[in-house]
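Subject: Handover of a structure

Hello,

I am passing this structure on to you. Please look through it first; my notes follow below.

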Amino acid sequence: MTMRRRAVLAALPAMLATALPDRRARAQSGNPFATHKLVLQLSDASIDKQKMIISVANSVLKKWPETSQIDVVAFGPGVVLLYADSPERVAVDSLIHQGVRFDICMNTINTIIRRTGHAPDINPLVHKVDYGVPRIMQLVAEGYTLVRP
């Protein structure tokens with residue numbers, strides 16, 4: 001095998017990685033092929049609800065891996081799922097890497113700051129939105145189905 005051929009073969013994985021769509025990028029810009037759009041609302045701190053959100057997102061991804069777009073919107077007590085030290089952090093990060101978008105309501109975070117005097121550490125992979133409910137309303141207007149497990 002020639003040196004040039006070896007160099008091309010060695011560079012192939014990196015070239016493919018940049019050419020293939022990244023699901024995280026799809027979560028930010030939306031899946032242009034999405035025919036199954038889902039917004040999951042999380043507005044309480046129940047660990048059972050958090051696990052249900054994760055389970056539902058995983059189920060939809062298994063059923064429609066290429067045609068789903070999932071957005072989880074957390075506000076009120078539900079923001080705890082998106083804290084950096086959340087017990088479900090690994091599951092959240094895994095879903096993010098599969099293209100699920102997690103939005104955290106900054107109105108809730110600002111309320112927490114006013115009440116406690118400090119900001120909670122937020123998972124750096126989540127998206128900050130000004131308000132949770134208007135975000136849900138926007139997604140519903142764009143054709144997303146709202147589910148509140």
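Which strands does helix 6 lie across, and at about what angle does helix 6 run to strand 2? Helix 6 lies across strand 1, strand 2, strand 3, strand 4 and strand 5, and runs at about 160° to strand 2. Angles run from 0 to 180 degrees between N-to-C directions, and the axes are lines fitted to C-alpha atoms, for helices over the stretch in contact. Contact means heavy atoms within 4.5 Å.

Some notes on the source. This is a predicted model, in which local features need pLDDT of at least 70 and side-chain atom pairs count only at pLDDT 80 or more, while totals for chains, interfaces and linings use all residues. Residues are numbered from 1 along each chain as its sequence is written, and side-chain values use heavy atoms, with hydrogens and water left out.

Overall layout

The protein has six helices and five strands. Both kinds of element are DSSP runs numbered from the N terminus (helices: H or I, at least four residues; strands: E, at least two). Along the sequence the pattern reads α-α-β-α-β-α-β-α-β-α-β. Of the 149 residues, 38% count as buried, where buried means under 20% relative accessible area, exposed over 50%, and partly exposed in between (1.4 Å probe, protein chains only). The accessible surface comes to about 8800 Å², and carbon and sulfur atoms hold 58% of that surface. These areas come from the Shrake-Rupley method with a 1.4 Å probe; for residues, only the protein chains shown count as cover. Among contacts with a separation of 6 or more, 79% are between residues 24 or more positions apart.

The five strands form an open sheet in the order 4-3-2-1-5, with parallel pairing. Strand 4 (127-129) and strand 5 (145-147) stand at the edges with a single partner strand each, so one side of each has no neighbour in the sheet. From one strand to the next the twist averages 25°. Two strands count as paired if DSSP finds at least two bridges between them.

Strand 1 (residues 36-42) pairs with strand 2 in the parallel sense over seven bridges. Leu42 stands opposite Ala74 in strand 2. The chain crosses from strand 1 to strand 2 through helix 3 (residues 47-63), in a right-handed β-α-β crossover. Right-handed here means that, with the strands pointing away from the viewer, the path from the first strand over the helix to the second runs clockwise. Helix 3 lies across strand 1 and strand 2, at about 175° to strand 1. Another bridge partner pair is Lys37 and Gln69, the latter in strand 2.

Asp71 stands opposite Arg101 in strand 3. The chain passes from strand 2 through helix 4 (residues 89-97) to strand 3, and this β-α-β crossover is also right-handed.

Is strand 2 mostly covered or mostly open? Strand 2 is mostly covered, with seven of its seven residues buried. Ser68, Ile70, Val72 and Ala74 point one way, while Gln69, Asp71 and Val73 point the other way. In a regular strand the side chains alternate between the two faces of the sheet.

Salt bridges

How many salt bridges does the structure hold? There are seven, a salt bridge being a side-chain nitrogen of Lys or Arg within 4 Å of a carboxyl oxygen of Asp or Glu.

One of them joins Arg101 and Asp71 (3.6 Å, N to O). Arg101 lies in strand 3 (residues 101-105) and Asp71 in strand 2 (residues 68-74), so this pair ties together parts 30 residues apart in sequence. Arg101 is buried at 13% relative accessible area, and Asp71 is buried at 2%.

Asp71 also forms a salt bridge with Arg135, with the closest N and O atoms 2.7 Å apart. Asp71 is in strand 2 and Arg135 in helix 6 (residues 132-141), so the pair ties together parts 64 residues apart in sequence. Arg135 is buried too. Salt bridges with shared partners join Asp71, Arg101, Asp103 and Arg135 into one network.

The side chains of Lys49 and Asp44 also meet in a salt bridge (3.9 Å, N to O). Lys49 is partly exposed at 30% relative accessibility, and Asp44 is partly exposed at 27%.

Regards
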